[in-house]
Amino acid sequence: MFVDAFSCLDYKLAEPPNIHVSSRTDSGVHALCNTAHADLIYGENQEQLDPDAIVHAINRNITQMGRSDIRLMNCRPVPPTFNSRHQALGRTYLYRVVSGCYHSRLPIAEFDRSWGVMERLDIEAMQEAAKHFLGTHDFTTFRNKSPDTWTKDPIKTMKAVEVRRASCFLKEHDPFCRDLEVLELIFKSRSFLYRQVRRMTGLLVAIGRGKLEPKEVCTLLAARKITAFPKNAQVAPAHGLYLCNIEYNEKDLIYD
């Protein structure tokens, strides 16, 4: 899709651009902020385009392709050696849970943008459990079951795992949103295993439901087995997850 979006620049380029996205997400996951780098090789005697002109041209092309869910917000020249994936210092994910509401009864503003859980969740227990994830651990228990994803190093350093109260997107205007209890789960690390955040979220929700104790997080981390993931904790659905931010060292972005 991204290569097609850049087709509007073909008249300027000597060859199709190589595009490298910093983070990939499952189908259904939302990306509030993702990054990528594109190698643009201009044709002979072609002037380089201004970054604002590139943004305008690509967004117009995306619209003409019939996509209304993707926008290029900004672009800038970076050094030729820059890599958007490997030079990322941190990635932040957000998961939204609506407590005490069937998913089928979520207001329109929240439907497929959060996970509706029927039970009222114990936020204090979830917060206590979240603390056990902090630091460097082997997250084998929280990796995806598919063997084709097992090549990645399961050792990850969690810089932040938070559970906090929030509100519905249209709380001030939608009367159906005012009495809902919304929780935001924040996860920050340099990198994650495939579906790691969704499995961690599922475990925290199971703890909030009272199906597991907060201290069991330590037991599961120590087990280092995919089969150790408890059967009474489900993998959280994709539609409640958001990629929020990619961090870089500003020095790596400076183009001389």
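Tutor: Buried means under 20% relative accessible area, exposed means over 50%, and partly exposed lies in between (1.4 Å probe, protein chains only). This is a predicted model, in which local features need pLDDT of at least 70 and side-chain atom pairs count only at pLDDT 80 or more, while totals for chains, interfaces and linings use all residues. Residues are numbered from 1 along each chain as its sequence is written, and side-chain values use heavy atoms, with hydrogens and water left out.

Student: Is Glu184 buried or exposed?

Tutor: Glu184 is buried, with a relative accessible area of 14%. Arg96 is buried as well.

Student: What do the side chains of Glu184 and Arg96 form?

Tutor: They meet in a salt bridge, with an N to O distance of 3.3 Å. The term denotes a side-chain nitrogen of Lys or Arg within 4 Å of a carboxyl oxygen of Asp or Glu. This pair links distant parts of the chain, 88 residues apart: Glu184 is in strand E8 (residues 181-189) and Arg96 is in strand E4 (residues 90-99). Strands (E, at least two residues) and helices (H or I, at least four) are DSSP runs, numbered from the N terminus.

Student: Which residues are linked with Glu184 in a network of salt bridges?

Tutor: The network links Arg96, Glu110, Glu162, Arg164 and Glu184. Within it, the side chains of Arg164 and Glu184 meet at 3.2 Å, N to O. Arg164 is partly exposed, at 38% relative accessible area.

Student: And what does Glu181 pair with?

Tutor: Glu181 forms a salt bridge with Arg165, and their closest N and O atoms are 2.6 Å apart. Because Glu181 lies in strand E8 and Arg165 in strand E7, the pair ties together parts 16 residues apart in sequence. Glu181 is buried, at 18% relative accessible area.

Student: How many salt bridges are there in the whole structure?

Tutor: A search of the whole structure finds 13.

Student: Changing topic: where is Thr141 found?

Tutor: Thr141 is in the loop between strand E6 (135-138) and E7. This residue is buried, with a relative accessible area of 0%.

Student: Which backbone oxygen lies 2.7 Å from a polar atom of its side chain?

Tutor: That is the backbone oxygen of Leu220. The side chain of Thr141 also reaches the backbone nitrogen of Arg224 at 3.3 Å.

Notes: A polar contact is a pair of N or O atoms within 3.5 Å; within protein, one must be able to donate a hydrogen and the other to accept it, and residues adjacent in sequence count only if both atoms are side-chain atoms.
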